Amino acid sequence: MDFLVSIYNARRLTAIQKRLSYKELSNKLKQNLKDIIQQLRDKKVKEQETKDAQIKRKHDIEKKLKSRYNREEGQIIAKQVSLPSINTPESNKRDSSQIERKIKIQDKQLKQQFTYFSYIENIKAKQVQEKQKKDELIQRQEQIKQQLKQKVLSELQEMAQFKTKDDLIDEQESDDEKIKIRKYPFITDLKAWKKKQRLDDSIKVFIISGGYPDIVKALQQRGWVRNPDSGSPCFDLKMTLHNSEVDYNSLQDFQMVNHFARVICLTTKVGLCKSINNLIWFHNVDKNTFFPRGFDLTDEEDFENFKLEFKRTKAEALLKMYIHFYKQKDPILLEKIKDQAEVALKVCQRQLLDINDLIDQKNQQEAVTSQEWEILSMNDQSVEALAKKKHAQWFNKRLKKKVNKKKKKQQKQDEEEQLLNTDEFTNQVIDILKKYKEKFPQYYLNGHENIWIIKPAGLSRGRGITCLNSLDQIEDYVISKGAQWVAQKYIEKPLIVMGKKMDIRQWVLVTDWNPLTVWVYEECYLRFSAEEYDPKNLDNKMAHLTNNSIQKKGENFYKSDIEGNMWTQQQFTEYLSSQHNVEFVDIIRPQIEQIAVWALLSVQDQVEQRSNSHELFGYDYMVDDKFKVWLIEVNSSPDFSYSTHVTERLVKEVSEDLIKVIIDKPQDKKCSTGKFKRVYKGKSVVDKTPTVGLNLCLEGKQMKRVKG
């Protein structure tokens, strides 16, 4: 028992000693802190005293300099007043030398004074800089203290309430307490997500990926909150750059998205070429009146149709070239092209035959025979010549040499005797071309060169596009590159503005597919090529393609007469009115809106309808020299970047107006929709035609001619 008592007393003694040692240490620390504080105070007092002494010394020096300057100035003035009355040459010389000496002394004094004052100003500037640095240092220290304080408080709060850091509210020093939204990938219910973020149930949530800063701003101004997790299913509105980012299977009825499922039938080059054929089922319109002929070159049947169309168009181009030479009265060129023109005339006459005439023919003949095509394509490159050209291009690229193409000019000779021999044939050519003009809507689309534009189906922004006018070249290009390609007739006679080719970008909004509801933005913009248009030089992309992503890489992009290679609608309107006496609102605008609706009608039975979806499309149009508008392609998620001064203003406006249509309009039917104008709304709901299980095979027997 005594042993235990002794152990207890020993432990108690050690505890008392520890307490005393802790107390002594705390007293020592307090004393040290007091000493440090006293030293700092003494140091500050000494610094202040030295500063006061320096300031006093500077004031004294300034006073002395001012008094000295005033005294010397008074002496100089007194001496100048008491000049000798007798003016002799010697006295004049002496006086002038004295005056010069005094002037030098004054200049020297002024310089000294100036240097002194500049020295004082430099000192003052340094003092101001030091003060600013000290203020910044103090401010930084205060920020660190606040951060440490906040950190300690948050840790204490976590320990007291057993909450994670994600549950805490980040309080900022502002009038309104802002809530920092955090990512919760494990939450899939919107109400649970709002509760976790401590948001009211009435607050709307949106997700935006891929840019669109002006749309973000417009939504936040309406009190919406942004969910930073782009993959989260918790949202009221989701806007993405790509359609693949939307999971349509998990969407709830109230959730809004900016895409429709299966819209690739409109927004891809192959999809548009095939879907436009369905327009005749919804509207009695010929697609050839607004959409240049297009073919899917990966489809064997479509590729064969393209070859046939290429050959027919080649025959038409040769006849047009023949008439061009005839008008120039150039017998040499006429004679050179005469054999080809005769074959081309036969091909064109055969194409104009009615279906009944073709049935009545005893011997069915091909539209263009192999012998005829050999003659029609005499000036085109053969496969061997094409291989040689490709080798030469590779060799020149290897050596980094630029081949300068020289244009050969032929002298014109007027020989009326040779022209007289071609009058009858020329009349036949003129007559056949008149019939072509009446029968084929794309007659003015075709020129002398038979140019076709080859586009990759899976690329955008003008990548991989090339222009060719040789069938062998096209086949070689498509086969060598692989992938999926589309061939479309090139508009050889576009409207040229200031020597350059241009196209029109128009925004079109669809808010419903069944019934189809179409909105068109009332302002479009024009994109120009950086270099002058030349249909004979197909290798120069900067003269044929107007995509801004391609043009900005060219050498002449910033040297162009057109700022940013873009025009507003107002600039184009003024140009048409002054140069061509054409009104944009009366001629061009109605065609743009009508074609936009026709393209959408052709795919309305293919796109998957959803009530709370919408999609903004970027339509690309071109205008020919007859002021006829042609649809080139339809783009999904059009570019909303500030590429030029033109797009910067328009993107800001269209972003705000888009939110007015999709957010404000459903809540208030009378609210403004900005520059978005509803141009079409279907009168009835379109039932999708069932295609599964139908037998679409056509059966029949060959017709036989009755004897006698």
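## Surroundings of K660

Leaving aside neighbours within four places in sequence, K660 is in contact (heavy atoms within 4.5 Å) with R222, K665, C671, S672, T673 and G674. K660 belongs to helix α19, residues 645-667; helices (H or I, at least four residues) and strands (E, at least two) are DSSP runs, numbered from the N terminus. With a relative accessible area of 22%, K660 is partly exposed; buried means under 20% relative accessible area, exposed over 50%, and partly exposed in between, with a 1.4 Å probe and protein chains only. The C-alpha atoms of K660 and A218 are separated by 9.2 Å, although these residues are 442 residues apart along the chain.

This is a predicted model, in which local features need pLDDT of at least 70 and side-chain atom pairs count only at pLDDT 80 or more, while totals for chains, interfaces and linings use all residues. Residues are numbered from 1 along each chain as its sequence is written, and side-chain values use heavy atoms, with hydrogens and water left out.

## Packing of helix α7

Helix α7 (residues 300-328) packs with helix α13 (residues 423-439) at an angle of about 130 degrees, their axes being 10 Å apart. Axes are lines fitted to C-alpha atoms, for helices over the stretch in contact, and angles run from 0 to 180 degrees between N-to-C directions. This angle makes α7 oblique to α13; angles under 35 degrees count as roughly parallel, over 145 as roughly antiparallel, 65 to 115 as roughly perpendicular and the rest as oblique. The crossing of the two helices α7 and α13 is left-handed, a term that applies if the near helix is turned anticlockwise from the far one by less than a right angle, and right-handed if clockwise. On the α7 side the contact is made by E316, L319, K320, Y322, I323 and Y326, and on the α13 side by D423, F425, T426, V429, I430, I432, L433 and Y436. By class, this contact has ten nonpolar, one polar and three charged residues; Ala, Val, Leu, Ile, Met, Phe, Trp, Tyr, Cys and Pro count as nonpolar, Asp, Glu, Lys and Arg as charged, and the others, Gly among them, as polar.

Helix α7 also packs with helix α14 (residues 471-481), at an angle of about 155 degrees and with axes 11 Å apart. The two helices α7 and α14 are therefore roughly antiparallel to each other, and their crossing is right-handed. Residues F303, F306, K307, F310 and K311 of α7 meet L471, I474 and E475 of α14. That contact divides into five nonpolar, no polar and three charged residues.

## Aromatic pairs

Rings of Phe, Tyr and Trp (its six-membered ring) pair if their centres lie within 6.5 Å; planes under 30 degrees apart count as stacked, over 60 as edge-to-face and the rest as tilted. The count by this rule comes to 23 aromatic pairs. The rings of F572 and F584 have centres 5.9 Å apart and planes at 75 degrees, so this pair is edge-to-face. Because F572 lies in helix α17 (residues 569-580) and F584 in helix α18 (residues 584-601), the pair ties together parts that are twelve residues apart in sequence. Both F572 and F584 are buried. Elsewhere, ring pairs link Y212, W507, Y521, Y525, F640 and F676 into a cluster.

## Backbone features in loops

A cis peptide bond, with omega about 5 degrees, joins N514 and P515. P515 lies in the loop between β9 (502-513) and β10 (516-521).

N450 has a positive phi, near 55 degrees, in a residue other than glycine. N450 is found in the loop between α13 and β6 (452-456) and is buried, with a relative accessible area of 0%.
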